[in-house]
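These are my notebook entries on one structure. I record what I looked up, entry by entry.

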Amino acid sequence: MGMMSLAMTRRMNTDKSALVIVAHPDDEVLWAGGTILARPNWDWHVVAMCRASDPDRAPRFRRVLEQLGADGGIADLDDGPEQIPLEHEQLEHALASLVPDRLFDVVLTHGPKGEYTRHRRHEEVCRTVTKSWHAGDIRARELWLFSFEDGSRAYLPRADATAPIQEPIIAENWRTKLRLMTQSYGFGADSWEARTTPHVEAFRSFEDSREALDWVIEQQSELDA
Ligand SMILES: [Zn+2]
């Protein structure tokens, strides 16, 4: 070990740095909140791509980050009800302004089909993050894609049972997650968001960016087919 301090050794052995990139403030809690809460010793950085000028949601996002022990930032991409497709360059530019220029152990973001049927912003963020990781503009050892599905609206979104990483959330952390959705974000107890709040979070992980990008493109080609 030589001159290395015990604290440094511990950090190298146990603590990881993770970057969470989501379309909207609340997605980080809904799809990854249990995973974040279960790893309080990790260094978490959370980025949301929309709603910076939303006077309600933006300050709530800040307070949620404090409660998650995370830092982060928020951009202001269009999030109108029409869901006008965003240019890849717009997303790329917003990402570049928010993502710190350092190497993360893991970057987590939306799955290629979003988490339910259907939200274009989730799909766009997945594609742009994967492309940026492949291009080296986002530096991370691994990419974890949220893996949820709603059976084409047959039921509320739930962890995709076929995803290799399954993260069951302990009861205490699930209650915290639900409280963040209802009290911190203000969703009603009967809202879609509160009722969805998953007990299991699932991910598909990649270490090879080419493989990740090929998979995302293949999955998304089925969306409009
Ligand atoms: Zn969202």
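**Entry 1: the sheet**

I began with strand 1 (residues 17–22) and found that six bridges join strand 1 to strand 2, the two running parallel. I take helices (H or I, at least four residues) and strands (E, at least two) as DSSP runs, numbered from the N terminus. I call two strands paired if DSSP finds at least two bridges between them. The model is a predicted one, in which local features need pLDDT of at least 70 and side-chain atom pairs count only at pLDDT 80 or more, while totals for chains, interfaces and linings use all residues. Residues are numbered from 1 along each chain as its sequence is written.

Within the pairing of these two strands, I noted Leu19 opposite His45 in strand 2. Strand 2 (residues 43–50) also pairs with strand 3 in the parallel sense, over five bridges. There, Val46 stands opposite Gly72 of strand 3.

I then looked up the whole arrangement. The sheet is open, has seven strands in the order 3-2-1-4-5-9-8, and its pairing is mixed. Strand 3 (71–77) and strand 8 (165–168) are the edges; each has a single partner strand, so one side of each lacks a neighbour in the sheet. Neighbouring strands of this sheet are turned by 20 degrees against each other on average, direction ignored; the axes are lines fitted to C-alpha atoms, for helices over the stretch in contact, and angles run from 0 to 180 degrees between N-to-C directions.

**Entry 2: the core**

I asked how many residues of strand 1 are buried. Five of its six residues are, and the strand is mostly covered. I count a residue as buried if 20 or more other C-beta atoms lie within 10 Å of its own, exposed if 12 or fewer, and partly exposed in between, with C-beta atoms placed from the backbone.

The largest nonpolar core holds 53 residues, of which Leu19, Val20, Ile21, Ala48, Val107, Val125 and Leu143 touch the most other members. By nonpolar core I mean a set of buried Ala, Val, Leu, Ile, Met, Phe, Trp, Tyr and Cys residues joined through C-beta atoms within 7 Å. I listed the contacts of Val20, leaving out residues up to four places away in sequence: Glu28, Ala32, Trp44, Val46, Val47 and Leu108. Contact here requires C-beta atoms, placed from the backbone, within 7 Å.

**Entry 3: helix 6**

I checked the length of helix 6 (residues 171–184): its 14 residues should span 20 Å at 1.5 Å a residue, and the end C-alpha atoms are 19 Å apart, which agrees. The expected span is 1.5 Å times one less than the number of residues.

Which residues of helix 6 are buried? They are Lys177, Leu180 and Met181.

Apart from neighbours within four places in sequence, Met181 contacts Asp26, Val29, Leu30, Phe187, Glu193, Ala194 and Thr197. After helix 6 comes Gly186, with a positive phi near 85 degrees.

**Entry 4: helix 4**

In helix 4 (residues 88–98), I found Leu91, Ala94 and Leu95 buried. They cover an arc of only 100 degrees around the axis, which puts them on the same side of helix 4. The face turned away carries the exposed residues Glu89, His93, Ala96 and Ser97. Strand 2, strand 3 and helix 5 are among the elements covering the buried residues.

**Entry 5: backbone exceptions**

Most residues other than glycine have a negative phi, and most peptide bonds are trans. Arg51, not a glycine, has a positive phi of about 85 degrees. Arg51 is in the loop between strand 2 and helix 3 and is buried, with 21 other C-beta atoms within 10 Å.

Arg153 has a positive phi of about 75 degrees, although it is not a glycine. Arg153 is exposed, with 10 other C-beta atoms within 10 Å, and lies in the loop between strand 6 (148–149) and strand 7 (158–159).

Lastly, I noted a cis peptide bond between Thr117 and Arg118, with omega about 5 degrees. Arg118 belongs to the loop between strand 4 (104–109) and helix 5 (120–135).

Note on methods
Contact = placed C-beta atoms within 7 Å. Arc of directions from axis to C-beta.
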